[in-house]
Amino acid sequence: MSKVNAEATTMLPLLKKKLAFLSGGKDRRSGLILTIPLSSDQTSMEELSATLDYLLSIPSVKCKARGFTVIVDGRKSQWNIVKTVVLMLQNVIPAEVSLVCVVKPDEFWDKKVTHFCFWKEKDRLGFEVILVSANKLTRYIEPCQLTDDFGGSLDYDHNDWLNKRLVFEKFTRESTSLLDELSIINDSDKSSTVDKDKSADLALLPSFDPETVLQTGHELLSELQQRRFNGTEGGGQGGPAWCPMDEELLAQPQVMKLLDSLREQYTRYQELCRQRNKRTQLDEIHAKVMQVVTWLQGPGSELLKTQQAIGDSMRAAQTLQQKHEEIESQHSEWFAVYVELNQQIAALLSAGEEEEVVELKALQQQLSDVCYQQAAQLECRQNILQAAQGFHTTTQELSQLLDGLLGMLCADVAPADGASIQQNLKLLEEKLQTVEAGLTSLRQKGAQLMEQMCTQAPWPLEETESPAGEQQDNVQHIQGVMEEMQLRKQRCEDMVDVRRLKMLQMVQLFKCEEDALQSVEWLGELLDALLKTHVRLGDESQETTTMLDKHRKFVDVAQSTYDYGRQLLQATVVLCQSLRCTTRSSGDTLPRLNRIWKQFSVCAEERQQRLELALNFHTAAERVLQQECVDSESLDEVDSSGKTLLDRLTMPVIFPDGTEQYFGSPSDTAAAAECVRERLLLVEERRLQLQELGLHNEEEEDEEEEHVLNGQEARLDVIGEELSEKEDEEEEEEAAGQQDEDLERATQDC
C-alpha cells in the first residue's frame with residue numbers, strides 16, 4: 001500500500017491527464033471496464049503504461065479474475081496508434097483482458113487492413129479485438145454501464161474520482177501511522193510509573209490529531225456508502241451498478257477496519273489521558289484553593305478595612321469609588337479563579353472516588369465561605385459608596401438650586417409688563433418648590449446613608465479595631481450638611497416673601513396702568529361712536545325725547561369711564577411711591593385721558609343741543625299740524641326753528657385745540673337734514689291750506705253782506721267795531737303764547 005501511495009502522489013499530474021480510467025461500469029460478465037480515450041495529440045506509451053499499472057493495482061485479486069473489458073476510443077486518433085495501444089495491452093495485462101473494443105471513427109480506416117491485421121494476430125494476443133462504432137457499442141455493453149461519451153447513462157467525474165482516491169490514500173497513511181503511535185503510548189503506560197513531569201505530557205501527544213483523522217475517515221466512509229447506494233439505485237438489467245469508489249476499488253472494508261481499530265486505540269488513549277489529568281488536577285486545585293483563601297483573608301481584607309471614608313464632596317466620593325473599583329477589580333480576578341475552581345471541583349466530585357470526594361468537599365466549603373464573606377463586604381462597601389455619591393450629588397444640586405434662587409432674588413426686578421412679572425413670580429415659586437423637593441430628597445438620602453453605615457456587617461475572620469471614630473465623623477458630616485442646607489433654604493424663603501410682595505405690587509401697578517390705558521381706549525371708542533353713529537335727530541318729538549334720554553345715559557357711561565381712569569392713575573402714583581420707581585405709561589396717559597374727555601365733552605354738548613333743537617322743532621311742528629286754527633306767527637316760528645336746526649347740522653364741532661370734526665358722514669348728515677326738511681314741507685302745506693280756507697270764508701261773508709247789505713246798512717258800524725275788538729283779543733293771545741314759548745326755550749337752554 002505504501003508503494004501505491006507514493007505512486008499516487010508522484011503520478012498526480014499524470015493521472016490528471018486522463019489517459020485511461022476505470023469508469024465504474026461492468027460488462028455482462030461483471031468484469032471491469034477500462035477506458036482508454038485516445039486524443040488527436042501524440043500519446044506517450046510510457047505515460048499510458050504507467051497509468052495502466054496504477055489503475056490495475058487498485059482492484060482486488062477477485063475482481064481481476066473476472067477479467068477486463070477494454071474500450072479503446074480511437075475516434076480522434078490514427079490507426080497505427082490504436083494498433084500500438086492494443087499490442088501494448090498484451091504486455092501490460094495479457095491475462096486480465098477478456099475483450100478489447102476499438103471504437104472506430106465515422107470516417108474509418110482501410111477495412112481490409114485493419115480486419116486482416118487483428119484477425120491474423122488473434123491467437124498471439126490472447127484476447128478478442130473487435131472494431132465497433134460508438135452507437136453499436138451497446139451490443140456488447142449495457143448502456144447504463146457506458147459513459148455519456150459512448151451514448152451511455154453512467155455518470156463519471158474523473159477529477160472527483162482522483163480527489164477521493166487521494167483522500168483515501170491520505171487517510172490510510174495517517175490512520176496507520178496514528179495506530180502505531182497510539183499502540184506504543186497505551187502499551188508503555190502499563191509498564192511505567194506515574195510521571196508528573198512535562199516530558200510525560202509531551203510523550204502523550206501523537207503526530208496526528210486523532211479527532212481529525214477519525215472525522216476524515218467517517219466522511220470518507222459516508223461518501224463511499226452513499227456512492228455505492230446511489231450506484232445500486234441506477235443499475236440496469238445487466239447487473240448491479242458499480243462506481244470507482246466502490247469497495248472493490250477503495251476497499252471499504254479496509255476503511256471500516258481502520259476506523260474500528262483507531263476508535264479502540266483512541267478510547268484507550270483518552271482514558272489514559274483522563275487518569276493522568278485527574279491525578280495532576282487534584283494537586284493543582286488544592287494549591288489554587290489555598291492561594292485564593294490566603295489572598296482574600298490577607299491582602300484583600302486589609303484593602304477593605306482601610307476604606308471607611310465616604311468623602312466630603314462629589315469629587316471625593318468619585319475618587320473613593322474609583323479606589324473601590326480597583327479593589328473590586330483585584331477581587332474579581334480571584335473570584336474568577338474561585339468560579340473556575342468550583343466548576344473543576346464539581347466535575348471531579350461527580351466522577352471521583354470516596355477519598356477524593358471528602359477532600360474536595362472540604363476544599364469547596366472552605367473556598368465558598370471565604371469568597372462569600374469577602375463578596376458581602378465588597379457589596380456592603382459598594383452600597384455605602386453609592387449612597388454617599390447620591391447624597392453628595394443631591395447636596396451639590398441643592399446648593400446650585402439655592403445659588404440660582406439667591407441670584408434671582410438679588411437681581412433687580414425690571415420687567416416690561418405685568419405678564420413678565422407673573423412669569424417671574426411663577427418661576428420664583430417653582431424654584432422654591434424645587435428647592436423644597438431637593439431638601440426633602442437630601443434628608444432621605446442622608447438617612448439612608450447613615451442607616452447603611454450603622455448596619456455594616458462586621459469582620460468575622462479576625463478581631464479588628466472598630467472604626468467607630470471614623471464612622472461617627474461621617475455621621476456628623478452628614479448631619480452638618482443637612483443643617484447647613486436647611487439654614488440656606490430658610491434665608492431664601494424669607495427673601496422670597498419680600499420679593500413676592502414687591503412683585504405683586506408691581507403686578508398691581510402694571511394692571512392699573514393697563515386698565516388706565518384701556519379706559520383711554522374705551523373713552524376714545526365712545527368719542528368715535530358719538531361722532532360717527534350719533535347723527536340722527538328723530539322723526540318726531542317722542543323719538544327725539546328717547547334719543548335725548550339715551551344720549552344722557554351715554555354721557556354718564558363716558559363720565560364713569562373717565563372717573564375710573566383718573567382713579568387708576570392716582571393708584572399708580574401711590575404704587576410708584578411705594579416701589580420707589582417711575583411708571584412707563586402713566587406720564588402721558590393722564591394728558592391723553594383729559595384731552596379725549598374734553599373732546600368728548602364738546603361733542604356731547606353739541607349733540608345734546610342739536611337734540612334739544614330737534615325736540616323743540618318737532619314739538620312746534622306737531623302742534624301746528626294738529627291744531628285746526630293756527631296763526632301765521634306759529635307757522636313762522638316752526639319754519640324759523642327748522643332752518644336754525646338745518647344750519648346747526650352743517651356746522652362742525654370745534655375741539656379745544658382748534659381742530660374740527662363733523663358728526664357722521666355727509667350722507668348721514670343729509671339723511672338727518674332730509675327729515676327736518678320733510679317736516680318743514682308739511683308745515684308749508686299747512687300754511688297753504690290755512691290761506692285757502694281764509695279766502696273761502698271771506699267770499700262767503702261778501703255774499704252774505706250783499707244779501708243783507710240793504711237791510712243791515714244800519715248795523716255796519718256796529719259789526720265793524722265788534723270785528724276790531726275780536727282781532728285785538730287774538731293778537732293779545734298770540735303775544736302771550738309767544739312769550740310762553742320764549743320762556744320755555746330759555747328754561748331748556750339753562
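**Briefing: a buried arginine, aromatic pairs and helix spans**

Arg-610 counts as buried because its relative accessibility is 4% (buried is under 20% relative accessible area, exposed over 50%, partly exposed in between, with a 1.4 Å probe and protein chains only). The model is predicted, so local features need pLDDT of at least 70 and side-chain atom pairs count only at pLDDT 80 or more, while totals for chains, interfaces and linings use all residues. Residues are numbered from 1 along each chain as its sequence is written, and side-chain values use heavy atoms, leaving out hydrogens and water.

**Around Arg-610**

- Arg-610 has its place in helix H18 (residues 586–626). Helices (H or I, at least four residues) and strands (E, at least two) are DSSP runs, numbered from the N terminus.
- A polar atom of the Arg-610 side chain lies 2.7 Å from the backbone oxygen of Met-651. A polar contact is a pair of N or O atoms within 3.5 Å; within protein, one must be able to donate a hydrogen and the other to accept it, and residues adjacent in sequence count only if both atoms are side-chain atoms.
- Leaving aside residues up to four places away in sequence, Arg-610 touches Leu-537, Leu-645, Arg-648, Leu-649, Met-651 and Phe-663 (contact means heavy atoms within 4.5 Å).

**Aromatic pairs**

- The whole structure holds seven aromatic pairs. Rings of Phe, Tyr and Trp (its six-membered ring) pair if their centres lie within 6.5 Å; planes under 30 degrees apart count as stacked, over 60 as edge-to-face and the rest as tilted.
- One of them joins Phe-21 and Tyr-156, which are stacked at 4.8 Å centre to centre, with 15° between the planes.
- That pair links distant parts of the chain, 135 residues apart: Phe-21 is in strand E1 (residues 21–26), and Tyr-156 is in the loop between strand E5 (128–132) and helix H8 (158–191).
- Both Phe-21 and Tyr-156 are buried.
- Tyr-266 and Tyr-269 are also stacked, with centres 6.3 Å apart and planes at 25°.
- These two tyrosines, Tyr-266 and Tyr-269, lie three residues apart in helix H12 (residues 252–305), about one turn of the helix. An α-helix has 3.6 residues a turn, so residues three or four places apart point the same way.
- Tyr-266 and Tyr-269 are both buried.
- Phe-554, Tyr-562, Trp-597 and Phe-600 are linked by ring pairs into a cluster.

- Lys-18 is in the loop between helix H2 (12–15) and E1.
- The charged end of Lys-18 sits over the ring of Phe-21, 4.9 Å from its centre (NZ of Lys or CZ of Arg must be within 6 Å of the ring centre and within 35 degrees of the ring normal).
- Lys-18 is not a glycine, yet its phi is positive, near 60°.
- Ser-30, in the loop between E1 and strand E2 (32–37), also is no glycine and has a positive phi of about 70°.
- Lys-18 is partly exposed because its relative accessible area is 29%. Ser-30 counts as partly exposed at 29% relative accessibility.

**Helix spans**

- Helix H5 (residues 79–92) has 14 residues, so it should span 20 Å at 1.5 Å a residue, and its end C-alpha atoms are 20 Å apart, in agreement. The expected span is 1.5 Å times one less than the number of residues.
- Buried residues in H5 include Trp-79, Ile-81 and Met-88.
- Helix H19 (residues 632–649) has 18 residues and reaches 26 Å from first C-alpha to last, close to the 26 Å expected.
- Among the buried residues of H19 are Glu-637, Asp-639 and Arg-648.

**Confidence**

- The protein averages a pLDDT of 78, and 79% of the residues score at least 70 (pLDDT is the predictor's confidence in each residue, from 0 to 100).
- Over residues 1–6 pLDDT stays under 50, and the model has eight contacts for them beyond four places in sequence.
- Over residues 193–202 pLDDT stays under 50, with five such contacts.
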